[in-house]
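Here is a short tour to read with the model open on your screen.

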Amino acid sequence: MLNQAAILAILCISASAAVFRQPIHRIVGGKPVSIEDIPYQVSVNFFGQHLCGGSILSERFILTAAHCIIGATPDFTVRTGSNYSSTDGEVHKVRQIISHELYDEETTDYDFSIFELEDPITFSDTRRAVQLPDADEDIADGTVLKVSGWGDTKNHQESNYHVRAVSVPKVNQLECQANYIFGAIISEQMFCAGYQEGGKDSCQGDSGGPVVDENNVQHGVVSWGKGCALPSYPGVYAKVSAVRNWIREISNV
């Protein structure tokens with residue numbers, strides 16, 4: 001079994017693969033929220049430690065990011081119904097992991113994975129399935145989206161022990177590509193959200209987590225970006241509507 005130092009070494013190698021493609025893990029510029037307000041949010045644990053976020057699709061299926069997958073299936077568990085990534089709630093063993101067949105490690109395109117759990121989740125006020133968009137449904141520029149997770153706050157006065165959330169507007173696709181023109185391609189399976197001036201964003205530890213609109217419809221999965229909350233570099237998210245049929249095929253949701 002890997003010790004904590006070995007796990008951290010693996011994460012550092014994974015996160016530094018490219019300057020512009022740093023997996024993003026924690027909420028910057030946000031505030032603590034109650035899990036009852038985001039009951040679809042889960043913590044994906046690797047060897048018992050928080051690695052990424054995820055969202056509840058149904059009693060047996062969890063949606064997260066493909067770039068979060070490390071090692072073998074038995075090493076992952078999912079914590080549901082807790083404000084904390086390492087305590088409280090319920091821990092569920094993962095039966096199998098299905099990553100999207102078109103996922104590309106170099107471009108981070110199709111950054112989706114689905115976990116099938118061994119035992120079903122019992123729904124309650126703190127555990128509830130997220131709503132999903134229609135296939136190929138677009139997101140209007142300027143739409144305010146909520147991102148949540150246990151990622152890095154970039155502020156020693158703001159703890160990431162308790163789950164946090166931040167609201168960011170959806171950015172025009174061409175404008176976002178112009179910002180990343182020298183570093184990466186923003187594909188049709190991605191969209192961007194954030195402020196031109198920076199200051200609010202997801203960050204290291206939020207990867208795989210949900211991005212929802214005001215009606216709690218999940219439009220995105222936290223995927224990648226340049227740094228966290230930097231001016232002119234909005235966060236880049238995997239677009240759920242682009243793989244809506246794939247999600248239905250795997251999970252029957």
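## Ground rules

Two strands count as paired if DSSP finds at least two bridges between them. Helices (H or I, at least four residues) and strands (E, at least two) are DSSP runs, numbered from the N terminus.

Keep in mind that this is a predicted model: local features need pLDDT of at least 70, side-chain atom pairs count only at pLDDT 80 or more, and totals for chains, interfaces and linings use all residues. Residues are numbered from 1 along each chain as its sequence is written, and side-chain values use heavy atoms, with hydrogens and water left out.

## The barrel

Start with the closed barrel: six strands in the order β3-β4-β5-β8-β7-β6, with antiparallel pairing. From one strand to the next, the twist averages 45 degrees; angles here run from 0 to 180 degrees between N-to-C directions, and the axes are lines fitted to C-alpha atoms, for helices over the stretch in contact. As background, strands of a sheet pair through backbone hydrogen bonds, either parallel or antiparallel.

Which strand does β3 pair with over five bridges? That's β6: residues 41-46 of β3 and residues 76-80 of β6 pair in the antiparallel sense.

## Around β4

Now move to β4, residues 49-56. Six of its eight residues are buried, so the strand is largely enclosed by the rest of the structure. "Buried" means under 20% relative accessible area, "exposed" means over 50%, and "partly exposed" is in between (1.4 Å probe, protein chains only).

On one side, β4 is joined to β3 by six bridges, running antiparallel, and S43 has G53 of β4 as its bridge partner. The hairpin of β3 and β4 has two residues between the strands, and F47 in this hairpin takes a positive phi near 55 degrees.

β4 also runs antiparallel to β5, with two bridges joining them. Here S55 stands opposite L63 in β5. These two strands form a hairpin as well, with four residues between them.

## A helix across the strands

Next, find α3, residues 244-251. This helix lies across β5 (61-64), β7 (90-99) and β8 (113-117), and it runs at about 20 degrees to β8.

Which residues of α3 are buried? They are R244, W246, I247 and S251. Looking down the axis of α3, you'll see these buried residues fall within an arc of 160 degrees, so they line one face of the helix; the arc is that of the directions from the helix axis to the C-beta atoms. In general, an α-helix has 3.6 residues a turn, so residues three or four places apart point the same way.

The buried residues of α3 pack against β5, β7 and β8, where contact means heavy atoms within 4.5 Å. Just after the helix, N252 takes a positive phi of about 60 degrees.

## Salt bridges

How many salt bridges does a search of the whole structure find? The count is three, with a salt bridge being a side-chain nitrogen of Lys or Arg within 4 Å of a carboxyl oxygen of Asp or Glu.

One of them joins the side chains of E116 and R95, at 3.5 Å from N to O. E116 sits in strand β8 and R95 in strand β7, so the pair ties together parts that are 21 residues apart in sequence. E116 is buried at 12% relative accessibility, while R95 is partly exposed at 47%.

Another is D138 with K239, whose closest N and O atoms are 3.4 Å apart. D138 lies in the loop between β8 and β9 (144-149) and K239 in strand β14 (residues 235-239), so this pair ties together parts 101 residues apart in sequence. D138 counts as exposed at 55%, whereas K239 counts as buried at 14%.

Then there's D141 with K170, at 2.9 Å from N to O. This pair links distant parts of the chain, 29 residues apart: D141 is in the loop between β8 and β9, and K170 is in strand β10 (residues 164-171). D141 is partly exposed at 44%, and K170 is buried at 9%.

## One last stop

P74 lies in the loop between β5 and β6 and is exposed, with a relative accessible area of 71%. P74 and Q96 are 22 residues apart in sequence and 8.3 Å apart in space, C-alpha to C-alpha.
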